[in-house]
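Please consult the sequence and structure shown here before reading on.

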Amino acid sequence: MDSIIKLSQLSKVFETEELQTHALKDINLTINKGDYVSISGPSGCGKSTLLSILGLLDMPTSGQYFVEGRDVSQLSLDEAAEVRNEKIGFIFQSFNLIDELSVFDNVALPLRYHREKQSDEAMKERVTWCLEQVGMTHRASHKPNQLSGGQQQRVAIARALVADPALLLVDEPTGNLDSKSGDMVMDVLERLNKNGTTLCMVTHDPRYADMARTQLKLSDGVIFNPANMTQQKVAV
Amino acid sequence: MSTVLYQYKQAWAGLKKTPGFILSVVISMGLTLGALLCVLTLANVLLNDPLPYPEQESLYKIDQSLINDSGEEWAKAYNYPGMMHLYKKQEAFSEIGLLYYDYNIVSSLATQPNVNTTFVTPGWADLFQGELVMGRHFSDSEEVNTHNPVAILSYQMWQQEFQGAEDVLSKSLIINDVSFRIVGVLAQSFVEPEIYNVGYKTQVWLPWDFNPTPERAFQAWNRVQEPMLVVGKLKPGLVASQVEQSLTTMMDDTWQQAVVGDEYFNGWRIDMSVQSLKSTILGDTERTILLLIAGVVGLLLIAIANISNLFMARTVQKQRDLAICASVGAKKRHLFNMLFAESSLLLSMALLLALLVAHTGFDIMQSHLSDVLPRVNELSINGFTLVSAVILTLLCALGFTALSNNMLNYRALNLVLRSSGKGTSFQVAKSIRQLLIVSQVAIASCLVFANFNLIEQAYSVISAPYGFTMENRVYVSVMTTGTKADSEEKSVVMSQFAQQLEQLPQVRGVSRSVSPLRNMGSRAITMEASKQKITPELKYIDDKYLSMVEQPLLYGNTFSREDILDNTPVVLVNASFAKRVSTDLQQVVGQTLSFGDGTIYTVIGVVADTIMPGTTEPKVQLFKHTSIRGGSFLIELAPDYELSREQAAQILRGISSQYSLFEMKPLMQTRMRMLFSQFTMAITSASLALVTFLLASIGLYGILSYTTQLRRFELGTRMALGAKRFAIVGLVIGENTMTVVLGFIASVIILFSLYIGFSADLNAYIGDQLILISVITLSLITWICLFACYWPVRAYINRPVINTLRE
Ligand SMILES: Nc1ncnc2c1ncn2[C@@H]1O[C@H](COP(=O)(O)OP(=O)(O)OP(=O)(O)O)[C@@H](O)[C@H]1O
Ligand SMILES: [Mg+2]
C-alpha cells in the first residue's frame, strides 16, 4: 500500500518561561492511501498538536515527517503553505469560514492560492462538484452567517476537498454541533472515505472514533495502538 | 464631590495598567497642543497685544518716498535737510522723534567694543517712556543744536560693559573722540521698538546732534541717507490719511524749491506716508504666523485622529467593565462621567506637558529667532496662553469622551455579558476606521507637500549661485579711535597694514575693497550721451578685487594700480547696469557718466552680475575704485588656514595706536547670517515635515494594527488553506488601497481649494518643482502606508500558522 504520511521519531516540545511541555514524544506513524484514522485521548494529551504538525501549521521540534515520500519537517513557511494548499485539506472544529465571502468564494479560496491558476469555468465546475458532495449547492451564494452550524461545517468540508488533497485533517468536526448535525457531517465524511479520500480525524466521541478503520489512542504525547504495540515498545 | 473624586481615582487605577496608552496620549497631545499654544501666543502678541508704550495706538512711523519722473518709488528714505525741516515744521504730531542708527567703537573702554549706537532727539524718550534703572532720559537739554554730550545705556550694555556698577552715572564713554557723560540706564523691562531691523538692539543712545552726518550733507537735498527714521505721536482727532496729504504738500513744496534747477530731478516729487507703529513692527510676518498656525493645526488634527483611534480601541477593551457597571444600575450619564474622568485626567497630563513645550518653545524663539520674528521678547505663558490651553484641553477631552460614548450602545451592553465576549460584533466600525485612514493620509499629504515646498524654496535661495567666491575670504575694516588723523598719515597706515597682512604665511592676497556682502547705498547717475538716469548701488573696489573674489570681467578692463594712485575718473559697471544702457553690453565700455558733481567718469569695463545671499535677483551696480586712505580690506587665506582677530589687531597696533580693528568676519560667516531666515524656514519646515511623517506613521499603524488584530483568525485561516506570506501582505495592502487613494484625492482637493482661496499668496510656489515635490510626497506617504500595512501582519506571517489560529 502507498503511504501518504509517515512520521518517524517525531517530537514536539513547548518551551515557556516556567516549564517545558513534551506535547509529543517520539511518534512513529504511517497513514496509507484510503485510510480512515481517528485519534482520541484525554484532554491535553497532544491531539491538536499532532494534527497541526500533520497539517504543517506547526513545526516539529525533532524527528521527520514525510508527505508522499517528501521530507517536509524543515520547510520554509512559504514552502509549507504550498504543500498545505496542494496536499492537505483542513476541517476545523470552529469551521473557520470567512464571513465576508459567500459560500462559493469560501470553497473556492484554496484554488485561488494554488500554484497553477485555473480558468473561472474550471474553478466553478470544481467548486460546484464539491458543494454537491456535501449537499450544499443550493446555498452557494449565501454568506456563512446565514447558515446553521452543521451547514457551515459541510461548507468547510467542501472547501477542504476543493484542491483534491491527498489527506483530509479533521479536528473535532462535531464539537460545535448538536448530535443530529454531527451525525450528518460524519455521514458525509464516511461517504468521502468510501470514495477514496484519506482521512485523519481527532475526536472525543467514542461513537465517531469507532467509525474509523485505524483507531489511535494518544496519552501524554505517546501513541497506544493495540495493533502496533511492538513498534511502540521499540520507540519507548 | 466625593463621587467625582472617586471617579478620578477609579480612572487613574484603570489607566495605570496601560502605561503605553497614557504615554501615547500625553506625548502626542502634549507636543502638538504645546506647539499650537506656542504659535497662538505668538500670534496673539503680534496681532492683538498692544505695543508696550503709552498711547501706542497713536504712534506712527513717518516715511518719505522719492518718486521719479515715471512715477516709480526711487527711494524710501530721507535727505538730511528734509528731515530737519519736517522735525521743525510739522504740527500733526504732538511728539516726534528722529532716530539715526549707527555703530561705533567705544574707545574709552578697555575692550574697545563695537556697539550699536542710536542718535535720537528728546522726543524719543517721550514717545516710548522706557523705564529707567537710574538717572534720567534725554530732555530739552539734549534738544537739537544743544550739543550736550550725554549718553543713556541699555540694561544689557550696563551689565556687560560696566558689570552693573552702581556708580555708572559718574562715568563717561568716548565715542568718535567725544566724551559722553552717562546720565541714565534703561530698565531690563524696556522693549526697544523693532522699527529698524527685527531683533536690533541699541546699546547706547546719544543725542541727535552727534550723529555722523557730515556737515556738507546738511544742505544736500539731492541725496538720501539710509538709517534715519522718524516716529511720531499723532495728535488726537487727526486722521492718518489727511496727515499724509498735508505732510506731502509741506515736504514736497520745500523740496521742489530746494532742487529747482537740478535737471536730474525734473518731474520728481516727494510723497509722505504714515504707518502705525504696530503694523510697521509686524511687517510681513503675518503670513509666516498664519503658515505656522496652519502647520501646527494640521499636526494637532493628525494627533487627534491617532488618539481617537486609541480611545475607540480602548472602549472596545473596556466593554465588559462598562457592561458590569450598567448591569448594576449605572445610567448613561454615569458611564459618560466615567469616560470623561479618564479622558480629562489624560488630557490634564497632556496639558502640563503642553505648557512645558510652549515654555521651551518661547525660549527657543527668544534665543534663536529674535532676528527673524519681531516682539518675541514679549512672549511668555500669559493669561491668553492659559485660557486657550484650558479651552483646547477641555474640547479635546469632551471630544474623545463623546467619541467613546457614542460607540456604546447602552442596551447592547447587557448582551456583552451574556454572550461571554466571544464573537460579539462590538468593535470599531469599519467606516470609522476608513475615515480615520482617509483623514490621516489627507492631512499628512497636505502638510508634507506644503513643507517640502517651503524647504525647496528656502533651499533654492540658499543654494543659488552667487557668481563670486566667499570661501577663505575674510573682510576686515579699520576705524580711527584717537584724535582724527590727517589723511596723509591714514593712507600710509592703511597701506602698511595691507602689506604686513600680505606677508603673513597664511595670507594669499589682500584687496583694499569693501566686502562684496555689504549693502551699499544707491547713487543717482546720468549717462552723458543719452541723459539716461540710473540709480545703481555704488561699491568701492581696487585692482585686485575681481580676481580675488573670482568675479568675471566680461568686457574691457578692471582698475589699474595707477587709476587708484592718480584717482583717475573711471568706473566699472555690472551686466545688469550695462543692459539698461545698451543691448550690446560691449558698447557700454567707453561711455561716460556723471554723479552730478561735475566730474565725468568713463566706463572702462563690464563685470558679470552677482547675487547676494538671501536674494534671487542681481542688483544694478557701479564700481568706483577705493581711495588709498580706505580702511576696508578683503583678505584671501590659504585653504584650511585662519587669521585670528588678535593677530590682525596686533599688526595694526604695531603700526599705529590711533586705529583699531572694527570688524573682522569671514565672508562665509556673514553669508550664513544673511541666509538665517532661509535656514530657519528650511529647518522649521523640515522638522514639521518629520513630525508629521512620524505622527502619521504611528497613527496609520495604530488603525491598521487594530484592523489586523480583528482579522487575525481570518488571516490565519487563509494561511492554513495555503496562502503564502506575500499573498497575505498583498491582501491587506489591496484592501486599504482605495482608502489611501481617497486620502490622496482629499489632499489634492484641500490643496487645490487653498490655492483658489489664496492664489495671490501662493502663486510664488507654482512651478515645475511641484511635480517633483508631488512625486516625493506621494511616494513617502505611500511608503508609510505600506509600512503600516506590513508591520502589524508581520507577526502573523513570520511564524507557524498555528500561533495565529490559536486564541
Ligand atoms: N503554544 C503552546 N505553548 C505551550 N504549551 C502548549 C502549547 N500548545 C499546547 N501546549 C501544551 O501541549 C499539550 C498538548 O496540547 P494539545 O492542545 O495538543 O492537547 P489536546 O489533546 O488537543 O487537548 P484538548 O482535547 O483539550 O483539545 C498541553 O499540555 C498543552 O498545555
Ligand atoms: Mg485539542
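## Composition of the ligand shell

For the classes used here, Ala, Val, Leu, Ile, Met, Phe, Trp, Tyr, Cys and Pro count as nonpolar, Asp, Glu, Lys and Arg as charged, and the others, Gly among them, as polar. On that basis, in this predicted model, the shell around ligand 1 comprises eight polar, three nonpolar and two charged residues.

## Position of ligand 1

Ligand 1 is located between chains A and B. It is surrounded by 13 residues, and the closest are Ser43(A), Lys47(A), Ser48(A), Thr49(A) and Arg806(B).

Two elements of chain A, strand 2 (20-32) and helix 1 (47-54), each contribute at least two residues to the shell around ligand 1. Helix 1 of chain A gives the most, with three residues.

## Polar contacts and burial

Oxygen atoms of ligand 1 approach chain A at several points. One is 3.0 Å from a polar backbone atom of Gly46(A), and an oxygen atom of the ligand is 3.3 Å from a polar backbone atom of Cys45(A). At the side chain of Ser48(A), the distance from a ligand oxygen atom to an N or O atom is 2.7 Å. Taken alone, ligand 1 exposes 630 Å², of which the protein buries 67%.

## Thr111(B)

In chain B, Thr111(B) belongs to the loop that joins strand 3 (93-105) to strand 4 (114-120). Thr111(B) counts as exposed because its relative accessibility is 60%, and the threshold for that class is over 50%.

Thr111(B) and Glu161(B) are separated by 50 residues in sequence, while their C-alpha atoms are 8.8 Å apart in space.

Methods
Residues numbered from 1 in each chain as written. Chains lettered and ligands numbered in written order. Predicted model: local features only at pLDDT ≥ 70, side-chain atom pairs only at ≥ 80, totals over all residues. Heavy atoms only, no water. Helix = DSSP H or I, 4+ residues; strand = E, 2+ residues; numbered from the N terminus. Buried < 20%, exposed > 50% of the residue type's maximum accessible area, 1.4 Å probe, protein only. Near = heavy atom within 4 Å. Polar contact = N/O pair within 3.5 Å; in protein donor to acceptor, adjacent residues only side chain to side chain. Areas by Shrake-Rupley, 256 points an atom, 1.4 Å probe, with all protein chains shown as cover.
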